[in-house]
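Hello,

Please find the structure below, passed on for your own work. My notes on what turned up follow it.

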Amino acid sequence: MERVEQHASFGGRQEVWKHASTTLGCDMKFGLYLPPKAVAGEPCPVLYWLSGLTCTEQNFITKAGAQQFAARHELIVVAPDTSPRGDGIANDAAYDLGQGAGFYLNATQAPWAPHFRMEDYVVDELPAVVESHVATTGRRGISGHSMGGHGALTLALRHPGRYASVSAFSPIVAPTQVPWGQKAFTAYLGEDRSQWAQHDAVTLIAGAKERLPLLVDQGDADEFLAGQLKPELLKNACDAAGHPLTLRMQPGYDHSYYFIASFIGEHIAHHAKALRD
């Protein structure tokens with residue numbers, strides 16, 4: 001691993017690391033915030049943050065203002081890039097497919113399958129890299145925004161016991177039913193919709209093997225609310241399955257990092273409580 005950035009922040013350190021990913025077959029970067037306790041070498045739990053379409057590891061660490069809350073609650077925060085990148089990696093001219101749009105699944109279709117394995121990267125390889133580098137308690141939470149909110153929900157649902165807490169901002173809750181998801185799933189997974197359903201939070205809720213409480217914040221002025229996000233579908237699915245959900249519709253907020261920065265402190269507190277229990 002190579003550290004490419006380091007900044008003092010709220011008594012801790014915001015770092016960016018680059019490593020050669022064997023899962024993705026390319027170099028990957030991730031943000032790593034170490035609270036003061038972790039800088040001193042003491043074990044802390046880890047919150048994984050998954051960003052949305054077009055983002056890199058930089059968006060969250062520079063815009064969300066999470067460091068002050070992570071320092072207060074003694075959480076390590078890891079923010080990976082959203083997809084494999086580089087020469088020889090498949091891509092598309094559109095912003096919602098290819099590099100910057102990994103959708104946190106393992107692609108099965110050409111030309112995506114050799115590199116676009118973000119589920120395995122986030123669930124297995126990245127934690128192994130982080131936990132071999134810094135002292136952790138072994139407890140993990142996961143959160144994200146938009147495409148990353150989709151990733152946080154589906155990875156928590158698909159891997160029971162892997163995460164002790166989950167939350168999301170403006171998640172794509174039913175990708176099989178909206179244009180962003182339908183486009184990506186057709187490209188990455190093919191035409192078999194039974195494969196799509198395995199990466200759809202609304203579908204997964206019915207068969208969830210654990211009842212991990214979900215915290216979801218959604219702005220009611222979000223330009224993607226009606227066409228791409230549809231949080232009411234998640235509420236209906238959770239109500240039907242008896243799955244614990246706190247869905248907060250936030251008046252006047254849009255899809256931007258201004259929204260995330262306004263409520264990230266509450267989300268980190270939510271994770272910190274679960275990760276301490």
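**Pocket and cavities**

The largest pocket holds about 170 Å³ of space. Please keep in mind throughout that this is a predicted model. Lining that pocket are Gly52, Leu53, Thr54, Cys55, Tyr95, His145, Ser146, Trp180, Phe224, His255, Ser256 and Tyr257. Sorted by class, the pocket lining comes to six nonpolar and six polar residues, with no charged ones.

There are two cavities of 30 Å³ or more. For the largest cavity the volume is about 50 Å³, and its lining consists of Gln14, Tyr33, Phe60, Ile61, Ala66, Gln67, Val77 and Ala79. Helix H2 (58–63) and strand S5 each give at least two residues to that lining. Its make-up is six nonpolar, two polar and no charged residues.

The second largest cavity has about 40 Å³ of space. Around this second cavity sit Ala156, Leu157, Val166, Glu210, Leu212, Leu214 and His243. Here the classes are five nonpolar, one polar and one charged.

**Helix H4**

Helix H4 runs over residues 118–133 and has a bend of about 35° at Glu125. A proline, Pro127, comes within four residues after the bend. Glu125 and Pro127 are both buried, and the other buried residues of H4 are Met118, Glu119, Tyr121, Val122, Val123, Leu126, Val129 and Val130. The cover over these buried residues includes strands S2 (12–21), S3 (26–34), S4 (44–50), S5 (76–80) and S6 (136–144), together with helix H5 (147–158).

**Backbone points**

Most residues other than glycine have a negative phi, and most peptide bonds are trans. The following places depart from that pattern.

- Ala110 and Pro111 are joined by a cis peptide bond, with omega about 0°. Pro111 lies in the loop between S5 and H4.
- Tyr104 is not a glycine, yet its phi is positive, about 55°. Tyr104 also belongs to the loop between S5 and H4. Its relative accessibility is 0%, so Tyr104 counts as buried.
- Ser146 likewise has a positive phi, near 60°, without being a glycine. Ser146 is part of the loop between S6 and H5, and it is one of the residues lining the largest pocket. Ser146 counts as buried because its relative accessibility is 3%, under the 20% cut-off.

**Phe259**

Phe259 is a residue of helix H11 (residues 257–276). With a relative accessibility of 0%, Phe259 counts as buried. Which residues is Phe259 in contact with, leaving aside its neighbours within four places in sequence? They are Phe169, Ser170, Asp217, Gln218, Gly219, Gln250, Tyr253 and Asp254.

**Cysteines**

How many disulfides are there? The count is zero, taking a disulfide as a pair of cysteine sulfur atoms within 2.5 Å. Cys44 has a relative accessibility of 1% and so counts as buried. Cys238 is buried too, since its relative accessibility is 1%.

Regards

Terms used: Residues are numbered from 1 along each chain as its sequence is written. This is a predicted model: local features need pLDDT of at least 70, side-chain atom pairs count only at pLDDT 80 or more; totals for chains, interfaces and linings use all residues. Side-chain values use heavy atoms; hydrogens and water are left out. The bend at a residue is the angle between axes fitted to the seven residues ending there and the seven starting there. Buried means under 20% relative accessible area, exposed over 50%, partly exposed in between (1.4 Å probe, protein chains only). Contact means heavy atoms within 4.5 Å. On a 1 Å grid over the protein atoms alone, a cavity is a set of points where a 1.4 Å probe fits but cannot get out, and a pocket is an open set with protein on both sides within 12 Å along at least five of seven lines; lining residues have an atom within 4 Å of a point. Grid points are joined across faces, edges and corners, and a volume is the space filled by probe spheres set on the points. Ala, Val, Leu, Ile, Met, Phe, Trp, Tyr, Cys and Pro count as nonpolar, Asp, Glu, Lys and Arg as charged, and the others, Gly among them, as polar.
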